[in-house]
Amino acid sequence: MDGHELKLSFWDTVAQPATGVAGTHKFISDGVNAVVGFFNSDVTIPAVRLLQSAGIPLFGDNPSSPALATMNLTNFTRITGNDKNEGLVQADFTWNNLHLKTAVGIDDNEAFGQAFTQAFTDEYTKLGGKVVKHFSVDASTTDFGSIISQIKSLNPDSVEFSGFNPAAALLVKQIRAAGLKMVYITDSSQYGTDFTKIAGQAAVGAYMTNSPSASGTPTPLYEYLTASLKKQNIEVTPIYATAFDAILDAWHASNDAHSIKPADLIKVMHSVSFDGATGHVSFLPDGDRAQIRYTVVQVSPDMSYKVVYNFGKTLK
């Protein structure tokens, strides 16, 4: 990078904030020049504060919490979108394309799920829809029987879930097993074979919002990445594209700064601009992507994902 040989250090946060903080302290004590990653917002929020205090840039891939755009961070950018925008797209699709008037909202009581469901609820209500009930469940929940009983009584047009697998897949599986036919819509975290394997036939017909990297016309870099991963028998999901672009983000920052010193990378990181696997990448002063488009995909009977909706606006 900028003519320097890189030494890579790795740390698996296992999606736990405490483990992520421990890894961040190690990175700081090791004197790293930059950090790329942190998939989970719950991990990223405490970690990026520590990195900012230490003067180390964080090139984020998938942390999507709206809170990250309100923390006055000077050392942070992210490739993924802001949950408030993806939630807006989900609400727009539910109201304007599916013409559904009522919904039950469910989140997994974690930063991502809570922020996403709140964004959906706010926009859906603004458009004229009604969220008749909101549930927060533990991310480790496997039995949704009591919630499904209430859903059956409420009889909404749709169920919106924000969180992660296996909860997302188990929920729709149990909803269908109970004989309920309402629309099921969830978020981009479910994209991949884990959702369809766990949910089985119950996955068919489910909708999920998604990032540009998984839909529409793939970029040349996305096609290259897909081909490379398939040769290694690795399932291609959008998270690989965002991770790929986060690495490119760090690389472009070093080129623009003509340096790998942390302070120099921080000075230029918000002005970086490039064409990546997820499309054109540039940033706002708060670290959010300057422009990003979303789509909605639906699970087909053959368990593939088909693009059914392209959101017609570029969100900032």
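This is a predicted model: local features need pLDDT of at least 70, side-chain atom pairs count only at pLDDT 80 or more; totals for chains, interfaces and linings use all residues.
Residues are numbered from 1 along each chain as its sequence is written. Local features need pLDDT of at least 70 and side-chain atom pairs count only at pLDDT 80 or more, while totals for linings use all residues.

Me: What makes H3 and H4 oblique to each other?
Reply: The axes of H3 (residues 83–97) and H4 (residues 111–127) cross at roughly 45°. Angles under 35 degrees count as roughly parallel, over 145 as roughly antiparallel, 65 to 115 as roughly perpendicular and the rest as oblique. H3 and H4 are therefore oblique.

Me: How do you know which residues of H3 and H4 make the contact?
Reply: Contact means heavy atoms within 4.5 Å. The residues that make the H3–H4 contact include Leu 88, Ala 91 and Trp 95 of H3, and Phe 112, Phe 116 and Phe 120 of H4.

Me: What classes of residue does the contact of H3 with H4 have?
Reply: Ten nonpolar, four polar and five charged residues. Here Ala, Val, Leu, Ile, Met, Phe, Trp, Tyr, Cys and Pro count as nonpolar, Asp, Glu, Lys and Arg as charged, and the others, Gly among them, as polar.

Me: Why is H1 called roughly parallel to H2?
Reply: Look at the angle: the axes of H1 (residues 17–30) and H2 (residues 41–54) cross at roughly 20° and come within 8 Å. That makes H1 roughly parallel to H2.

Me: And which residues of H1 and H2 make the contact?
Reply: Among them are Val 21 and Ile 28 of H1, with Leu 50 and Leu 51 of H2. By class, the H1–H2 contact has nine nonpolar, three polar and one charged residues.

Me: What makes a residue part of the lining of a pocket?
Reply: Having an atom within 4 Å of a point of the pocket. On a 1 Å grid over the protein atoms alone, a pocket is an open set of points with protein on both sides within 12 Å along at least five of seven lines, whereas a cavity is a set where a 1.4 Å probe fits but cannot get out. The largest pocket is lined by 33 residues, with Leu 8, Ser 9, Phe 10, Val 35 and Val 36 nearest its centre.

Me: Which element gives the largest share of the lining of the largest pocket?
Reply: H9, with five residues.

Note on methods:
Side-chain values use heavy atoms; hydrogens and water are left out. Axes are lines fitted to C-alpha atoms, for helices over the stretch in contact, and angles run from 0 to 180 degrees between N-to-C directions. Helices (H or I, at least four residues) and strands (E, at least two) are DSSP runs, numbered from the N terminus.
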